[in-house]
Number of protein chains: 2
Amino acid sequence: MRKNKMPVDYTLYLVTDRGILKGKDLFSAVEEAIAGGVTLVQLREKDISSLDFYNIALKLREVTKYHGVPLIINDRLDIALAADADGLHVGQEDLPVRDARRLLGEDKILGYSVTTIEEAVFGQTNGADYLGAGPVYPTGSKADAAPPIGIDQLKRIKDSVSLPVVAIGGIGAANIKEIKASGVDGVSLISAILGSNDIKEASGRLVELWTK
Amino acid sequence: MRKNKMPVDYTLYLVTDRGILKGKDLFSAVEEAIAGGVTLVQLREKDISSLDFYNIALKLREVTKYHGVPLIINDRLDIALAADADGLHVGQEDLPVRDARRLLGEDKILGYSVTTIEEAVFGQTNGADYLGAGPVYPTGSKADAAPPIGIDQLKRIKDSVSLPVVAIGGIGAANIKEIKASGVDGVSLISAILGSNDIKEASGRLVELWTK
């Protein structure tokens, strides 16, 4: 776990998906989202070459660094290391969290996806800095998503650990207040931000709903 | 580049492909190949989760270590590091060879795929320990393979560098002697070994053709 590190603001955590951008430029989209209030960005890519993933990561790192927002890489420790990203997020089908921590070093942020209390406690014990819990609600953003865990399970996960917990899956303006009431530290979003016509406005509205 | 390291025998370099094993167990197949004379093994996996890739790498590492044959991981630096493989092989669509060397450290073997003299010299200058040159002949083992470079270009590549060069692509019993006559250090094979009914016998015959 990170010791004596700068605190991370998990409030509005954007996960990228170029598939729903309909040709819109990823880097401009992320800049708009940050302008609207996104506090953390995760680059998620599937089915592209390592070189393409690396080049996108390098460019996105410039954007996020310029705006002072941490960049997390999904799944690929090699890309996180090569692009010197701020951290890595691993799921249950990725490198084991313990190996990820060993290779990532202590200075980088490590996130871990969980659906159960057992996984949450395991993540906390094995080097995760924060947990992504979900999907809370049904979601169309991830083809391979597990069944929704619901708000009660989200609360149980948050109560089982001392780590920051970010809720993910089917979250948007309609339910973000319910999520906040559960006591978690932030929300992770894809389509509620990147799928909107005005990305900055959508991000700003979500931050407002969370804060007020 | 590796300094003062144990020399690597590039003579018969097996690249894995579970797709042509028709359900046969990968680990037994590799053991048979090693028994027949394979001197180096590259684990190549596409379209599987990082966790599955990692678990296969860990198991294959036990097999290769037991038999004293180096294990190289294709493309994925994270898997190579996590499984503590002996090395990594990167192609033109993978992490840049220079970044791969930086993150891999000096002690691991780093291979680099090339088709031109320019790429060969670039690889030598940027940290590669050996070059994979090809495809020399037409091949069905890699869907995304480039057009064949031919035996003359293979020779030119070998003459342009001081690194060991391994020929790849469409090589088998019918043309291995022509490859050897070109002056390269070994052959890289997939189907000529894994696609045969008797893997040990096929490997043994190829070694014999190379040696005599």
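Contact here means heavy atoms within 4.5 Å. The exercises below apply to a predicted model, for which the predictor gives an ipTM of 0.94 and a pTM of 0.95. Chain A has an average pLDDT of 95, with 95% of the residues scoring at least 70.

**Exercise 1.** Determine how many residues of chain B are in contact with chain A, and what area is buried between the two chains.

*Solution.*
Step 1. Applying the contact criterion, 19 residues of chain B meet 19 residues of chain A.
Step 2. The area buried between chain B and chain A comes to about 1,600 Å², and carbon and sulfur atoms give 60% of that area.
Step 3. On the chain B side, the most area is lost to chain A by B:L51, B:D78 and B:L95, which together account for 28% of what that side buries.

**Exercise 2.** State the count of salt bridges between chain B and chain A, and examine the one formed by B:D78.

*Solution.*
Step 1. The count is two salt bridges.
Step 2. The partner of B:D78 is A:R76, with the closest N and O atoms 3.9 Å apart.
Step 3. The cut-off is 4 Å, so the pair B:D78 and A:R76, at 3.9 Å, qualifies under the rule.

**Exercise 3.** Describe the polar contacts across the interface and the make-up of the side of chain B that touches chain A.

*Solution.*
Step 1. Twelve residue pairs across the interface are in polar contact, both residues being at pLDDT 80 or more.
Step 2. In chain B, α2 (50-66), α3 (77-82) and α4 (97-104) each supply at least two residues of this side.
Step 3. The most comes from α3(B), with five residues.
Step 4. Sorted by class, this side of chain B holds nine nonpolar, three polar and seven charged residues.

Note on methods: Residues are numbered from 1 along each chain as its sequence is written. Chains are lettered from A and ligands numbered from 1 in the order in which they are written. This is a predicted model: local features need pLDDT of at least 70, side-chain atom pairs count only at pLDDT 80 or more; totals for chains, interfaces and linings use all residues. Side-chain values use heavy atoms; hydrogens and water are left out. Buried area is the accessible area (1.4 Å probe) that two parts lose on being put together, summed over both. A salt bridge is a side-chain nitrogen of Lys or Arg within 4 Å of a carboxyl oxygen of Asp or Glu. A polar contact is a pair of N or O atoms within 3.5 Å; within protein, one must be able to donate a hydrogen and the other to accept it, and residues adjacent in sequence count only if both atoms are side-chain atoms. Helices (H or I, at least four residues) and strands (E, at least two) are DSSP runs, numbered from the N terminus. Ala, Val, Leu, Ile, Met, Phe, Trp, Tyr, Cys and Pro count as nonpolar, Asp, Glu, Lys and Arg as charged, and the others, Gly among them, as polar. pLDDT is the predictor's confidence in each residue, from 0 to 100.
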